[in-house]
Amino acid sequence: MRIALKVSYDGTMFEGWQVQPGKRTVQGELERAAGELFGVPVKVAGSGRTDSGVHAEGQICHLDADTQIPARKIRECLNERLPEDVRVLKSAEAPEGFDCTRNAKKKTYRYRFYYAETALPLLERYAVRVREKPDLLKMQSAARLYVGEHDFAAFRAAGGSAKTTVRTVYSAEVSESRQNGAIIYDFVVCGSGFLYHMVRILAGQLFAVGCGKKEKESILSAYRTGDRSLLGKTMAAKGLTMVSVEYDPSPFPAAEE
């Protein structure tokens, strides 16, 4: 039986998603818990590989198990064996042929940063404090240039393994809110998929445009040339959260969506 899982985790104390010898990873914790539950080694596949320090609200995974435990009960059985900073939110028997990696249609990420005179402890774990106040309207205008199908070669870090750098961005929006004197900026982007460090580079470019260090037109030049130097810095990992992954059909019953 193939089981689909929806998983949330605080990435602060993890060395990313993927199993690495001698390091604490999300995949490693899930496979350890699943092995304890089913009594045999279990491979857990993920819809994407988050980096060290990156968080997730809705990472989708799957595993195969020969078990009499009802699929919806596997959630609580795994949570009894998992540490507090990773939790299975949903579990269900996956549709025929489901593969959480290959079948993903859309992925949504949020990058959060904030401007404040003093670092705020309740924001610091999940957002990056910036020292300059960016212009929201400039960032919103630049974000609109991300929408569509483009060659994002300039928006990736070295070390990625993607065979093509063309991706489709369905939406890219920036909003702001206020908390304890801080201005919080949320950049939310939905796309067909993302390259290595791509969302963090997209966010860094928006911040650079908002502060007047880059012009939004440099985004268009980066598409044409693939030149990374045209863009702003790569933002720190802790501000990034994987929000959701979409499938058609969904691996979870409609009543749970």
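In which strand is His 62 found? In this predicted model, where local features need pLDDT of at least 70, side-chain atom pairs count only at pLDDT 80 or more, and totals for chains, interfaces and linings use all residues, His 62 belongs to strand E3, which covers residues 55-64. Residues are numbered from 1 along each chain as its sequence is written, and side-chain values use heavy atoms, with hydrogens and water left out.

Helices (H or I, at least four residues) and strands (E, at least two) are DSSP runs, numbered from the N terminus. His 62 has a relative accessible area of 7% and is therefore buried, a term that denotes under 20% relative accessible area, with exposed over 50% and partly exposed in between (1.4 Å probe, protein chains only). Contact, defined as heavy atoms within 4.5 Å, links His 62 to residues including Arg 2, Ile 3, Val 44 and Phe 98, when neighbours within four places in sequence are left aside.

Gly 11 is located in the loop that lies between strand E1 (2-9) and helix H1 (26-38), and it is buried, with a relative accessible area of 0%. Residues up to four places away in sequence not being counted, Gly 11 touches Gly 53, Val 54 and His 55. Between Gly 11 and Asp 85, 74 residues apart in sequence, the C-alpha to C-alpha separation is 7.8 Å.

Helix H5 is mostly covered, 13 of its 13 residues being buried. The 13 residues of H5 (residues 198-210) should span 18 Å at 1.5 Å a residue, and the end C-alpha atoms are 18 Å apart, which agrees; the expected span is 1.5 Å times one less than the number of residues. H5 is followed by Gly 212, which has a positive phi, near 80°.
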